[in-house]
Protein chains: 2
Amino acid sequence: MRATVMFGAGDVRIENVPDARLIEPTDALLVVTHAAICGSDLWPYKGMPPSEEGRRMGHEFIGLVEAVGAEVRKIKVGDLVAAPFAWSDGTCIYCQEGLQTSCLHGGFWGGTELDGGQGEAVRVPQADGTLFKLPVGRDDALMPSLLTLTDVMATGHHAALSARVGPGKSVAVVGGGAVGLCGVIAAKRLGAGQIILLDRHADRIALAKEFGATDIVSERGEEAVARVRELTKGLGVQSVLECVGYAESMLTALSIARPGGAVGRVGVPQAEVMPAINSFFGNITIAGGPAPARAYIEPLLPDVLEGRIQPGRVFDWTGSLEGVPDGYRAMNERKAIKALVKF
Amino acid sequence: MRATVMFGAGDVRIENVPDARLIEPTDALLVVTHAAICGSDLWPYKGMPPSEEGRRMGHEFIGLVEAVGAEVRKIKVGDLVAAPFAWSDGTCIYCQEGLQTSCLHGGFWGGTELDGGQGEAVRVPQADGTLFKLPVGRDDALMPSLLTLTDVMATGHHAALSARVGPGKSVAVVGGGAVGLCGVIAAKRLGAGQIILLDRHADRIALAKEFGATDIVSERGEEAVARVRELTKGLGVQSVLECVGYAESMLTALSIARPGGAVGRVGVPQAEVMPAINSFFGNITIAGGPAPARAYIEPLLPDVLEGRIQPGRVFDWTGSLEGVPDGYRAMNERKAIKALVKF
């Protein structure tokens with residue numbers, strides 16, 4: 001079968017790989033119908049050391065179940081299912097708590113051991129725990145929005161929950177990529193009174209305003225902090241969604257949170273450490289991490305199905321599997337916010 | 001009047017200072033009856049650069065109101081009152097939220113501008129917001145426990161709340177000083193199912209066991225982490241109370257929290273940065289900071305008055321004002337857990 005393999009920084013190819021097949025009795029075999037390229041795929045795209053073996057890519061996908069192992073009970077052949085960016089058994093202590101990204105018997109797609117979502121088919125471990133059956137057909141117009149539930153919309157929601165967004169609260173979203181934009185949607189959905197987006201790209205800003213951003217801050221560093229304070233009577237915001245992951249963006253996030261506020265961080269940290277002191281004296285809570293997307297599909301689904309939120313609008317590039325390398329390039333050069341792959 | 005002044009590392013003296021007096025109409029004048037030496041007083045005791053002017057010390061105290069300014073409404077002459085370690089107006093946006101340590105018109109005792117609690121009298125700014133009237137007389141046997149509500153018991157409680165301690169939860173307390181011991185009390189009071197103290201001093205361990213610690217870990221670093229994992233089925237604990245503030249203790253705290261858990265940090269950070277990555281992948285929440293003791297006196301008071309908690313037992317050294325330098329020495333040499341000063 002054909003699948004996306006990354007061999008080093010900037011080197012993404014569509015290759016022939018061994019066909020996906022059932023191995024464990026708890027597996028399902030999925031024929032991929034839709035996949036996405038993630039902002040986090042750009043981290044190795046920027047910096048991965050050369051590798052002969054390569055690394056299978058893609059962790060946001062929807063597909064049709066073609067076969068199931070003998071112990072799969074809930075998922076059936078023919079189901080259209082969403083695969084969150086982590087697979088999980090659905091029964092361990094962490095899954096029961098709704099933290100499927102820490103599943104004791106789970107893991108992440110791709111790499112060198114597992115199939116990735118940016119390929120024709122995927123062996124899905126722990127199918128009953130991992131997969132979520134969608135109540136629509138594969139050609140439904142909502143498919144882009146449904147695809148975001150496997151990662152970016154769930155991640156924006158996780159950032160908002162971690163930052164304790166609630167009715168009437170003042171919120172800042174650091175970074176207007178696909179996750180940040182979904183963070184704006186999530187903040188609006190949870191009733192935020194003020195939503196300040198920190199970003200400087202016109203396409204993202206335009207979309208953020210449509211999603212509910214009330215203010216835009218395009219300054220950086222200390223100037224950005226000063227501007228957010230101006231917009232919040234000198235106080236700072238109650239909730240910050242850190243959707244980037246750089247040391248500088250985390251510093252900004254911690255600096256614009258007001259005392260007693262919270263930073264929900266979902267950008268994968270690119271620095272080993274973060275500031276320890278100012279957040280202490282301000283009693284600022286730092287929460288977040290990889291979003292348990294599996295737990296959030298169900299609560300977010302009605303709003304997608306009934307059109308109250310339209311996170312699929314973050315996709316501004318669509319291509320085929322063979323076009324995936326172009327998708328990476330477009331996202332890396334910031335010519336696209338997020339790429340959708342249709343099979 | 002006589003008061004404690006620190007002139008540099010290891011140099012604490014009882015000096016003649018200007019008499020405390022009313023200045024602002026919102027002030028009260030307090031004659032101190034009881035004060036304490038705090039673990040955080042030991043930070044300057046270990047490292048303060050020499051100063052000719054010196055620094056007034058003490059931020060945990062109880063006293064009798066001798067005079068009040070023209071705008072003081074609630075506090076009356078003759079009241080026996082507790083002064084939390086931060087003064088606050090009780091009306092600003094943060095005070096209304098119960099975060100009096102971030103009061104827009106508040107501050108901290110001592111230094112070079114204000115009186116400290118380790119002295120005969122104190123000018124109390126924002127008296128109505130700051131002071132809490134106690135329902136007992138100055139010679140009450142509960143006075144040591146009541147004094148802990150101005151800082152260490154409130155701080156242990158804050159660590160426990162920040163770490164989301166609740167019924168049946170697994171808890172670790174890093175550091176068995178007075179705050180850590182009060183953290184054990186707080187965790188027990190909030191219904192924790194397992195309370196692991198990380199400390200190696202026999203006197204503290206003995207008291208912690210009486211307060212409700214179920215397990216003791218005296219190893220350090222990676223060995224401590226391994227031991228906590230052994231005690232928690234390999235998972236780590238749901239709640240960690242970081243009651244020290246060193247980089248190493250924070251690293252330990254983050255390493256023994258299980259995925260989805262929380263670290264409540266109340267030890268003043270002695271390092272500029274803290275680890276950013278493992279806590280991210282485990283969705284570990286980092287919360288806490290200076291405890292809003294003013295907000296906690298009222299909910300904790302009944303348990304003190306009715307003897308259900310006995311935080312005053314952390315005082316194992318008692319002296320007069322003139323003995324305060326000996327109290328610092330005893331605490332610094334770990335010959336005492338915490339020093340009580342009776343006037």
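Mentor: In chain B, helix H7 spans residues 202-211, and its buried residues are Arg204(B), Leu207(B), Ala208(B) and Phe211(B). A residue is buried if 20 or more other C-beta atoms, placed from the backbone, lie within 10 Å of its own, exposed if 12 or fewer do, and partly exposed in between. Viewed down the axis of H7(B), these buried residues fall within an arc of 105°, so they line one face of the helix; the arc is that of the directions from the helix axis to the C-beta atoms. An α-helix has 3.6 residues a turn, so residues three or four places apart point the same way.

This is a predicted model, in which local features need pLDDT of at least 70, side-chain atom pairs count only at pLDDT 80 or more, and totals for chains, interfaces and linings use all residues. Residues are numbered from 1 along each chain as its sequence is written, while chains are lettered from A and ligands numbered from 1 in the order in which they are written. Helices (H or I, at least four residues) and strands (E, at least two) are DSSP runs, numbered from the N terminus.

The cover over the buried residues of H7(B) includes helix H6 (178-189) and strand S12 (194-198) of chain B. Just after H7(B) comes Gly212(B), which takes a positive phi of about 125°.

Arg164(B), which follows H5(B), has a positive phi near 60°.

Let us turn to the meeting of the two chains. Chain A gives 26 residues to the contact and chain B gives 26 residues, where two residues are in contact if their C-beta atoms, placed from the backbone, lie within 7 Å. On the side of chain A that touches chain B, S17(A) gives the most, with 4 residues. The residues of that side divide into 15 nonpolar, 8 polar and 3 charged; Ala, Val, Leu, Ile, Met, Phe, Trp, Tyr, Cys and Pro count as nonpolar, Asp, Glu, Lys and Arg as charged, and the others, Gly among them, as polar.

Strand S16(A) is joined to strand S16 (residues 273-275) of chain B by 3 bridges, and the two run antiparallel; strands pair if DSSP finds at least two bridges between them. Val273(A) stands opposite Pro275(B) in S16(B).

A rotation of 180°, with 0.0 Å of shift along its axis, superposes chain A on chain B (RMSD 0.0 Å). This is the relation of a two-fold axis; the copies are superposed by least squares on the C-alpha atoms of residues with pLDDT of at least 70 in both. The same surface serves both copies, since 100% of the contact residues of chain A recur in chain B.

Chain A also holds an open sheet of 3 strands in the order S2-S1-S4, with antiparallel pairing. Its edge strands are S2 (11-16) and S4 (55-56) of chain A, each of which pairs on one side only. Strand S1 (residues 2-8) of chain A pairs with S4(A) over 2 bridges, and Val5(A) stands opposite Arg56(A) in S4(A).
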